[in-house]
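Please have the sequence and the model open as you read.

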Amino acid sequence: MNSTIKSIAIATVTLLSIAASPLAIATNSFTPTTVAQSVNLRDTLIIPGQRVGPVTRNTTRRDLTRLFGASRLRDKTIPGPEGIGEFAATEVNLGRERSFTVVWSNSARTQVGTVRNFGTAWKTREGIGIGTSLTELRRILGEFQISGLGWDYGGTVLFERTRLARYQGGLTLVVDAAPDAAQRFPNNYQAVSGDSLFSSNNPNWQRLGIKVAAMTVYLTPDEGI
């Protein structure tokens, strides 16, 4: 496995260990519920390493209830990377476009690790979100590398040496081909598959309908992000 891709896998576990700030939680607890819910349903901005809408690294399960209402939340557990271990998670159901899932770094659900499973309304300041095309990513990032398709870390975008290098460690993007691309264009698909890195300007991507299929936001302490 490429060393850079390994680091992405390791980060998925290690960045789930950030502790919540009791002071920040206490301060936020006085926000009026009815006003907060109205505002928070419209806030779909992602700032990698800082916040997902109103959700920050200090947000607790109790805060989610206050922010969005108990009826919109569903607790679950999800498997860790490569099926190793389990993590507590809470789905926030705000409709197809605005929903997301918080993955906690502890079973008490008081420390946010990552946020994922985004609806299409969620975007970074640059406009990156689920469904963003490869052409648009190249316009925003410049040229970049992508891990080959068809394996556990397939389609991972590398931010290193791009215009958004500061997002490295705060945001993971995974792109994928259109559902029928492997059948329609098997030679192109195979040419950019497997445990290798491929340039975003590789011509074999062009026929495959490559778009952002998944995003994970790491709410870690500010590190230039």
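## A residue in a loop

Glu-126 sits in the loop between strand E8 and helix H5, which spans 134-141. The model is predicted.

Is Glu-126 buried, partly exposed or exposed? Its relative accessible area is 21%. Buried would need a value under 20%, so Glu-126 counts as partly exposed.

## Contacts of Glu-126

Which residues does Glu-126 touch, leaving aside its neighbours within four places in sequence? The partners are Ile-140, Leu-164, Arg-166 and Tyr-167.

Two of these partners also make polar contacts, side chain to side chain. The Glu-126 side chain meets that of Arg-166 at 3.3 Å. With the Tyr-167 side chain, the distance is 2.9 Å.

## The sheet

Strand E8 belongs to an open sheet of four strands. The order is E3-E2-E1-E8, and the pairing is mixed. Strands E3 (55-56) and E8 (123-124) stand at the edges. Each has a single partner strand, so one side of each lacks a neighbour in the sheet.

E8 runs parallel to strand E1, residues 45-47. Two bridges join E1 and E8. Within this pair, Ile-46 stands opposite Thr-124 of E8.

## From loop to strand

How far apart are Glu-126 and Ile-46 in sequence and in space? In sequence, 80 residues separate Glu-126 from Ile-46. In space, the C-alpha to C-alpha distance is 9.7 Å.

Methods
Residues numbered from 1 in each chain as written. Predicted model: local features only at pLDDT ≥ 70, side-chain atom pairs only at ≥ 80, totals over all residues. Heavy atoms only, no water. Pairing = 2+ DSSP bridges. Buried < 20%, exposed > 50% of the residue type's maximum accessible area, 1.4 Å probe, protein only. Contact = heavy atoms within 4.5 Å. Polar contact = N/O pair within 3.5 Å; in protein donor to acceptor, adjacent residues only side chain to side chain.
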